[in-house]
Amino acid sequence: MVPSRRRLRFEVLIVLGLSLGQSAVYSVVQLLDKMTTAPLAQGTSTLNRSQSAREYFDLTYQLLDILFALVPVALVIYFLTERWPAGEHGTSAFRRIGFNFARPGKDLLQGLGLAAAIGIPSLALYAAGRALGITTAIIPSALDAYWWTVPVLVLSAIRHGIVEEVIVVGYLLDRLGKLGWSTPAAIAASALLRGSYHLYQGFGPFIGNAVMGVVFAVVYTRTKRVMPLVIAHAILDTVAFVGFSLFGKAVGLG
């Protein structure tokens, strides 16, 4: 059964309020805080912080953060699964948005291509933003060096890929379409949301992520598969998180 538009509006507000919409609000407040404290160029944005000076408590906190961040994803999968009268089978949300392993080779190749297409321009945009003073210094990882640091950073990257692509692309485009939004308007809303929850990093990352959001949403509308986007996002974040953790301070980026 298809929910009414009124119910869908409340559903979308609840999902975003529990996940990336909440992040967007905090991001705007954090940006204003930074801008009224010092020039953005003097600010920093740390993405993966240590949460305890005690190694195994820090590991526990990191894993709990990753686990509970995925709960809204489970919620949208539940909402996207079409439910039918008793005795009939619903449509799997995993298949509906292409969040499965139905075509692993093609998804991986598309993910690698998207990561390459987005990654290099992103570095250039970050450098330009720093030069213009509209982007904070971004520290991808501030975790202490433990045996579990790299695996946790990889899990964190995968978490970001799943949360953002499933909710902001797969779920949001589906719901906005059912609410009567045109495809261009839904893509624009998805892209602006993606950019907005990166505003705490400055205006450069807002622009870069909004552009990335348009590209990813357009790819999704053509393929109806979110998995290549998850792969691309996870690759980008893994390179940033792990690369900085291993080499950032050595080359003077820390």
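The model is predicted, so to speak of local features a pLDDT of at least 70 is needed, side-chain atom pairs count only at pLDDT 80 or more, and totals for chains, interfaces and linings use all residues. Residues are numbered from 1 along each chain as its sequence is written, and side-chain values use heavy atoms, leaving out hydrogens and water.

**The nonpolar cores**

- A nonpolar core is a set of buried Ala, Val, Leu, Ile, Met, Phe, Trp, Tyr and Cys residues joined through side-chain atoms within 4.5 Å; buried means under 20% relative accessible area, exposed over 50%, and partly exposed in between (1.4 Å probe, protein chains only).
- The largest nonpolar core has 42 residues, and Ile 97, Phe 99, Val 166 and Ile 167 touch the most other members.
- Among the helices that each supply at least two residues of this core are H1 (5-18), H2 (20-35), H6 (104-132) and H10 (227-248); helices here are DSSP runs (H or I, at least four residues; strands are E, at least two), numbered from the N terminus.
- The most comes from H7, which gives ten residues to this core.
- Leaving aside neighbours within four places in sequence, Ile 97 is in contact (heavy atoms within 4.5 Å) with Ile 77, Leu 80, Val 166, Gly 170, Tyr 220, Lys 224, Arg 225 and Val 226.
- A second, separate core of nine residues includes Leu 59, Val 152, Ala 157 and Phe 241.

**Spans listed in UniProt**

- An unreviewed UniProt entry lists residues 59-80, 112-139, 145-172, 203-220 and 227-247 as "transmembrane region"; positions follow the numbering used here, feature names are shortened, and annotations may be inferred rather than shown by experiment.
- In the model, residues 145-172 are 86% helix and 0% strand, with end C-alpha atoms 37 Å apart.
- Residues 227-247 are 100% helix and 0% strand, and their end C-alpha atoms lie 29 Å apart.

- H1 has 14 residues and reaches 20 Å from its first C-alpha to its last, close to the 20 Å expected at 1.5 Å a residue (the expected span is 1.5 Å times one less than the number of residues).
- Leu 8, Glu 11, Val 12, Val 15 and Leu 16 are the buried residues of H1.
- Seen down the axis of H1, these buried residues fall within an arc of 120°, so they line one face of the helix; the arc is that of the directions from the helix axis to the C-beta atoms.
- On the other side of H1, Arg 6, Arg 7, Leu 13 and Leu 18 are exposed.
- Cover for the buried residues of H1 includes H2, H4, H7 and H8.
- H4 has Pro 72, Val 73, Val 76, Ile 77 and Leu 80 buried.
- Those buried residues lie within an arc of 145° seen down the axis of H4, so they line one face of the helix.

**Single residues to look at**

- Arg 96 lies in helix H5 (residues 93-96), and its side chain makes a polar contact with the side chain of Asp 174 (2.9 Å).
- A polar contact is a pair of N or O atoms within 3.5 Å; within protein, one must be able to donate a hydrogen and the other to accept it, and residues adjacent in sequence count only if both atoms are side-chain atoms.
- Gly 161 sits in helix H7 and is buried, with a relative accessible area of 0%.
- The C-alpha atoms of Gly 161 and Ile 231 are 7.0 Å apart, although 70 residues separate them along the chain.
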